[in-house]
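Subject: Structure handover

Hello,

Here is the structure for you to take over. My notes on it follow below.

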Amino acid sequence: MNKIIYFIFVFLCISCDSDKKYDTYQAMDNSVWRLEEPVVFEVDIEDTNSQQNVFLNVRTDTDYPYRNLYVISKMTLPNGAILQDTLEYEMADAFGNWLGDGMTDVKDNKLYYLEKYKFTKKGTYRFEFYQAMRKRGEIEGVQELNGVTDVGLRIEKIQD
């Protein structure tokens, strides 16, 4: 009987996520995001009619040492055009309370990367994300950003 309830619960959770078009994580070795090592996702996009939200998902643990996160994003379109940006996200509030979801020491942060974005060309899009953290007053980037366990990309279709 417990197995039946479990399968019904899993089915309901999966069916409630019908807007998801892509959702993948990459684990960071030893919970460290290295400066020169991008997290890369290649996604085949067919829908050029709908607006979509694209999220950078970052999973952190208690070893994450900063209140914010700087990321350099690079999106390569099927025609070779490149869109690059520097993004800043808050990871903790002013009182030091971690943001994100999770009841344990691990927090899932669903961070907007592209909001209401309409892909203009069908084909393979390449998403690259580099951590761009720096210590206060220093020019050199943090070589090893501790406390980042996983980095993911999620694309959701916006319902009209």
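Lys 110 is partly exposed, with a relative accessible area of 45%. This comes from a predicted model, so please read every value here as computed from that prediction. The side chain of Lys 110 meets that of Glu 156 in a salt bridge, 2.7 Å from N to O. The two residues sit in distant parts of the chain: Lys 110 in strand E7 (residues 107–117), Glu 156 in strand E10 (residues 148–157), 46 residues apart. Glu 156 counts as buried because its relative accessible area is 14%, under the 20% cut-off.

Next, the other salt bridges. By the rule used, the count comes to eight. One of them joins the side chains of Glu 144 and Arg 34, at 3.6 Å from N to O. This pair also links distant parts of the chain: Glu 144 lies in strand E9 (residues 144–146), Arg 34 in strand E2 (residues 32–34), and 110 residues separate them. Both partners are partly exposed, Glu 144 at 44% relative accessible area and Arg 34 at 24%.

Glu 128 and Arg 126 form another salt bridge, with 3.0 Å between the closest N and O atoms. Which network do salt bridges with shared partners build? They join Asp 23, Lys 110, Arg 154 and Glu 156 into one network.

Is Glu 128 buried or exposed? Glu 128 is buried, because its relative accessible area of 7% is under 20%.

Ser 73 belongs to strand E5 (residues 68–76). Ser 73 is buried, with a relative accessible area of 1%.

In general, strands of a sheet pair through backbone hydrogen bonds, either parallel or antiparallel. E5 pairs with strand E8 (residues 123–131) in the antiparallel sense, over six bridges. Within that pairing, Thr 76 stands opposite Arg 126 in E8. Arg 126 is the salt-bridge partner of Glu 128.

Finally, the whole chain. How many helices and strands does the chain have? There are one helix and ten strands. Read along the sequence, the pattern is α-β-β-β-β-β-β-β-β-β-β. The chain has 160 residues, and 37% of them are buried. Among contacts with a separation of 6 or more, 78% come from residues 24 or more positions apart. The accessible surface of the chain comes to about 10,100 Å². Carbon and sulfur atoms account for 49% of that surface.

Over to you.

Best wishes

Technical notes: Residues numbered from 1 in each chain as written. Predicted model: local features only at pLDDT ≥ 70, side-chain atom pairs only at ≥ 80, totals over all residues. Heavy atoms only, no water. Salt bridge = Lys/Arg side-chain N within 4 Å of Asp/Glu carboxyl O. Helix = DSSP H or I, 4+ residues; strand = E, 2+ residues; numbered from the N terminus. Buried < 20%, exposed > 50% of the residue type's maximum accessible area, 1.4 Å probe, protein only. Pairing = 2+ DSSP bridges. Contact = heavy atoms within 4.5 Å. Areas by Shrake-Rupley, 256 points an atom, 1.4 Å probe, with all protein chains shown as cover.
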